[in-house]
Amino acid sequence: MRKNNTFKFLSKKDYLNEVVDFLEEKLLNKTINNKVINVALSGGNTPMPILKKLSEKKISWKQINFFIIDERCVPVLDEYSNYKNLKNNFFKEIKVNVFPVYEERLGGEKSAHKYNELIKRKHFDLILLGMGDDGHVASLFPGTKALQEGESMVVYNEVNTQKNNRITFTYPALLAANEIVFLIRGEKKKNLLELIVKTKDDKYPVTKIINEGNNITWLVEE
């Protein structure tokens, strides 16, 4: 494992507030001197209350371009749409425009191609990630084709274990980021992370990020 993984263990009671404070300081430092930065966000349950509380902070939001790391191929009003949930909990609060990744009129593959054309010209200052119970990261699930992608930044990924297919950042996109922050909550995920760090088992997609990613901070709930 590379030495650029930092593990911060936060109490369950104070986890939300401590993560918000950490991200606030990170964004304030990155936007100093009027610098414009690119930040990519995950969907899912863990980041939503954190992002909602973060939206209340006095950060120069206009200096931050936000992007969505992965998306289910579902309509934008679907309850499982990352775009919908991020918009309702965060984007509308800070008054920034972020557009859907998946477009029904295009379908999954064409939507992924369109998003890739945008993302391949971007460099990310910060990527906020979670980890699944199976060790997946973004929508890079075990055994899926997207794990083998070595060039495109975004691909359409068929995920047989889920109810829908996905559009996702690939390893090339994630590994090129200046900095990655992982949010890990719950005993099951904490134990899995400990196992992966100990065994370095590459059957878990997140292992490649641990081994090859840049400047990674793990905010782990005790």
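How many bridges join E1 to E9? The views below take up this pairing and its surroundings in a predicted model.

**View 1. Strands E1 and E9 run parallel and are joined by 6 bridges.** Within this pair, threonine 6 stands opposite threonine 217 in E9. Strand E1 covers residues 5-10, and strand E9 covers residues 216-221.

**View 2. An open sheet is formed by 6 strands with parallel pairing.** The strand order is E1-E9-E8-E5-E2-E3. Strand E1 (5-10) and strand E3 (64-68) are at the edges; each has a single partner strand, so one side of each lacks a neighbour in the sheet. On average, neighbouring strands of the sheet are turned by 20° against each other, direction ignored. Strands of a sheet pair through backbone hydrogen bonds, in either a parallel or an antiparallel manner.

**View 3. Strand E8 (residues 180-184) and E9 run parallel, with 5 bridges joining them.** Valine 181 has threonine 217 as its bridge partner in E9. Threonine 217 is also the residue that threonine 6 stands opposite.

**View 4. Strand E2 (residues 37-41) and strand E5 (residues 126-129) run parallel and are joined by 3 bridges.** Leucine 126 in E5 is the bridge partner of valine 39. In the strand order of the sheet, E5 stands between E8 and E2.

**View 5. Strand E9 is largely enclosed by the rest of the structure, because 6 of its 6 residues are buried.** Ile216, Trp218 and Val220 point one way from the strand, while Thr217, Leu219 and Glu221 point the other way. Both sets are buried, Glu221 and Thr217 included. In a regular strand, side chains alternate between the two faces of the sheet.

**View 6. Tryptophan 218 lies in strand E9.** Its relative accessibility is 0%, and tryptophan 218 therefore counts as buried, the cut-off being under 20%. Beyond its neighbours within four places in sequence, tryptophan 218 is in contact with Asn5, Thr6, Phe7, Lys8, Phe182, Ile184, Leu193, Val206 and Ile210. Among these contacts are Asn5 and Thr6, and strand E1 spans 5-10. Phe182 and Ile184 are also in the list, and strand E8 spans residues 180-184.

**View 7. The side chains of tryptophan 218 and asparagine 5 make a polar contact at 2.9 Å.** Asparagine 165 is 53 residues from tryptophan 218 along the chain, and the C-alpha atoms of these two residues are separated by 27 Å.

Definitions and conventions:
Residues numbered from 1 in each chain as written. Predicted model: local features only at pLDDT ≥ 70, side-chain atom pairs only at ≥ 80, totals over all residues. Heavy atoms only, no water. Pairing = 2+ DSSP bridges. Helix = DSSP H or I, 4+ residues; strand = E, 2+ residues; numbered from the N terminus. Axes fitted to C-alpha atoms, helices over the stretch in contact; angles between N-to-C directions. Buried < 20%, exposed > 50% of the residue type's maximum accessible area, 1.4 Å probe, protein only. Contact = heavy atoms within 4.5 Å. Polar contact = N/O pair within 3.5 Å; in protein donor to acceptor, adjacent residues only side chain to side chain.
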